[in-house]
Amino acid sequence: MEKATPAPSRILVLATPDNRSGHLVKAAEMLASRFGATVQILHVKAPASAIQQDNQFSAKKELYEDSRQTRKKLQDIAGSEYSKSVDLRYGNVKGTVMEAMAESAPQVVIIGKRVRKVAGILGDRLTEAVLDSAPGSVLILDDTTGLQSFSAGVYAPDKGVQLGLWEPLLTERASNTRYFSIGKSSFGETESDPAKQHFVFTDDADSLERVISFATKTRTDLFCIPKGVQKSLTRKLVRGLQGSVLVVR
């Protein structure tokens, strides 16, 4: 018998001090209310972005003022309805986020969906680092998807789908759920089964791209990657999918 997944007690939100992070906090609030968890809202800022002056006294004054204003914006986003703490840190963004995750060991990390930059370079270096180092599940939300109501997609490897505590959330909140398999199916099928909304793709060099394309065309709001999926495959899915992604651990 599979060991029961413990309920999350800590949820970490990687936020920015603007309205774009409001949907991340709302998702965290809903999960915190559901699981009885606490929420930590973290924003990491490079010191150079806050300091313009070379003079040491002026630089300290600028840093103090930036900290005051940024904390106020983060607190406004956080609100006071649930148990939440605001954590503002200055330093190397990726390294400081990794330190914060190691300190608090959150069961869920929520991060905003990052987009491609003009030059074609993926703006997902922080996301990849979080995926590599997060001790628990990672929820990557775009700015249009919440957790109140959504269409879901689930990657279904041949060794079975393990969504743990996220399974009831899909059952309760998803308007519809589609399962995507490559080659062998954990459901014992060899062909697509529209009645079960389960689609099996031929295992070849382009299979993963077809899964991503189909999920996009069918407007999948939240794509779930269950426990045990290879890290390299998870990265490819996260990079290619246009909607929100949940990586379960």
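Author: Accessible areas here come from the Shrake-Rupley method with a 1.4 Å probe. In this predicted model, the protein chain exposes about 13,200 Å², and carbon and sulfur atoms supply 50% of that area.

Reader: Thanks! Why is A78 called buried?

Author: Its relative accessible area is 2%. Across the protein chain, 47% of the 249 residues count as buried.

Reader: Where does A78 sit, and what does A78 touch beyond residues up to four places away in sequence?

Author: A78 belongs to helix α2, residues 56-78. With those residues up to four places away set aside, A78 touches V25, E29, I41, K84 and V86. The C-alpha atoms of A78 and G22 are separated by 8.1 Å, although the two are 56 residues apart along the chain.

Reader: What makes the largest group of 35 residues a nonpolar core?

Author: The name applies because such a core is a set of buried residues of listed kinds, Ile, Val, Leu and Trp included, joined through side-chain atoms within 4.5 Å. Those with the most contacts inside this one are I11, V13, L31, I110, L139, L147 and W166. Helix α1 (residues 22-35) gives the largest share, 8 residues. Apart from this core lies another, of 33 residues, with L12, I140, Y155 and A215 among them.

Reader: And how do you know that I110 is in contact with L139?

Author: Contact means heavy atoms within 4.5 Å, so the pair I110 and L139 meets that cut-off. Leaving aside neighbours within four places in sequence, the other contacts of I110 include I11, V13, L24 and L31.

Note on methods. Residues numbered from 1 in each chain as written. Predicted model: local features only at pLDDT ≥ 70, side-chain atom pairs only at ≥ 80, totals over all residues. Heavy atoms only, no water. Buried < 20%, exposed > 50% of the residue type's maximum accessible area, 1.4 Å probe, protein only. Helix = DSSP H or I, 4+ residues; strand = E, 2+ residues; numbered from the N terminus.
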